Each structure stands twice: as C-alpha cells, then as structure tokens.
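Please read the following points with the sequence and the coordinates open beside them.

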Amino acid sequence: MSTSPTPTPARMDAPTRREQILKEAARLFAARGFHGVGVDEIGAAVGISGPGLYRHFPGKDAMLAELLVGISERLLDGGRLRVAESPGDPAALLASLIDGHIDFALDDRPLITLHDRELDRLKDEDRKRVRQLQRQYVELWVDVVRALHPAAGEPEVRAAVHAVFGLLNSTPHLGAPLEREEMERLLRNLTHGALGALAV
C-alpha cells in the first residue's frame, strides 16, 4: 500500500445512505451504461425502493453529476493537500501525486469508466465544472514536473502528464491480472519511468 500522505483522514464511520447510493449507482452505470440502469435497480442495490431514492437525489442525472464532479473535486483537493505537505521538495511531491493517482485508479475504477462513457451526458454547467477541475489538477502535475525537469519545454511536459494519466486511467480495462501491491508497484515504476524520460 502507498505510504504517501492521504488526501483526507481515514473515515471510521459507516458510509451514509447517500454515499451508498452513489457507490452502487457508479458500479451499475459503469457495468451497464447510464441508460441501461433504472432507479429501481439502484434502490434495490442499497435496500430501498426506487422512489425512495428521490429523497436523496432528484433523479439519475443528479447522481451522475455528483459522481463525476465529486471525483474531480476529490482529486484536486487531494493534489492540493499533497502540494501543501511537500513544500520545496518536487521529487517528494511528484512521488506523492503519483501514489495518490494510483490509489484513485485502482480504487475508483467504476468512476473512470463512467467518466469515459458518460461525461457528455452531463448538463453543460456540470461538464464545464468537471473540465475546469481537471485542468487545475493537470496544472499541479505540470508545475512539479517542470520543477524537476526544467530543461523540458512546457508543451512536452504537458503532453507527458496527459500520457501518464492515460496510462494510469487505463486500469479499468485490465481486469485484475496482478495482486494490489504488485499492481501498485508496476504502475509506480511505469509512471516514474515515463516522466523520467523527459530528462533524456
């Protein structure tokens, strides 16, 4: 497991009903597509009636928006916390950012799949919010990679960061070929190697 700083303290309490609904909605949407899942199925997955979901969300669109905006906010907040915890040490910060994104890639596979398939279904304002948050998250990475590789041009660094995200976010398509610890180690080595190529 990663030993880097975590974006938020570990929660000891049980997930709320709202969180349970979102988790099951993400799993079902990722498996069968947004339009392939009804509110009754989501409700059944958490032990309540479909109509009972409307006490928590106005509809499936609101669930999708909260899932995709929420994970983008969580990534950015976690990245900013890691920046604050590693002042003046770009190598330690990059290692921490990599570990944090690996945890996301391995723990939130349904959300990655959901983003890839369903982002265009969001309302314009929600989709713009997701894109805005993602750009800010990318900039955290670009800044630290440029600090480590000052000879590399900004366009090259930006391309490398996006390529690394593509590498890490491909994990939902891999199944589970390795144990968690082995997969973490492989992804960590691949990511450091890819960004290290900027020094060549």
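1. From the N terminus on, the elements of the chain run α-α-α-α-α-α-α-α, that is, eight helices and zero strands; helices (H or I, at least four residues) and strands (E, at least two) are DSSP runs, numbered from the N terminus. This is a predicted model, in which local features need pLDDT of at least 70 and side-chain atom pairs count only at pLDDT 80 or more, while totals for chains, interfaces and linings use all residues. Residues are numbered from 1 along each chain as its sequence is written, and side-chain values use heavy atoms, with hydrogens and water left out.

2. As to overall dimensions, a compact globule of 200 residues would have a radius of gyration near 16 Å, and the 18 Å of the chain agrees with this; the radius is taken over C-alpha atoms, and the globule rule is 2.2 Å times the number of residues to the power 0.38. Along the principal axes, the C-alpha atoms fill a box of roughly 60 × 35 × 30 Å.

3. Among the contacts (heavy atoms within 4.5 Å) with a separation of 6 or more, 73% are accounted for by residues 24 or more positions apart. Of the 200 residues, 42% count as buried, where buried means under 20% relative accessible area, exposed over 50% and partly exposed in between (1.4 Å probe, protein chains only).

4. Leaving aside neighbours within four places in sequence, Met63 is in contact with Ile21, Leu22, Ala25, Phe29, Ile42, Leu53 and Phe57.

5. Is Pro51 buried or exposed? Pro51, which has its place in the loop between α2 and α3, counts as exposed because its relative accessibility is 55%. The C-alpha atoms of Pro51 and Asp40, eleven residues apart along the chain, are separated by 7.3 Å.

6. Which residues does Arg117 touch, not counting those up to four places away in sequence? Arg117, which lies in helix α5, touches Phe29, Ala30 and Ala31, whereas the C-alpha atoms of Arg117 and Arg135, 18 residues apart along the chain, are separated by 19 Å.
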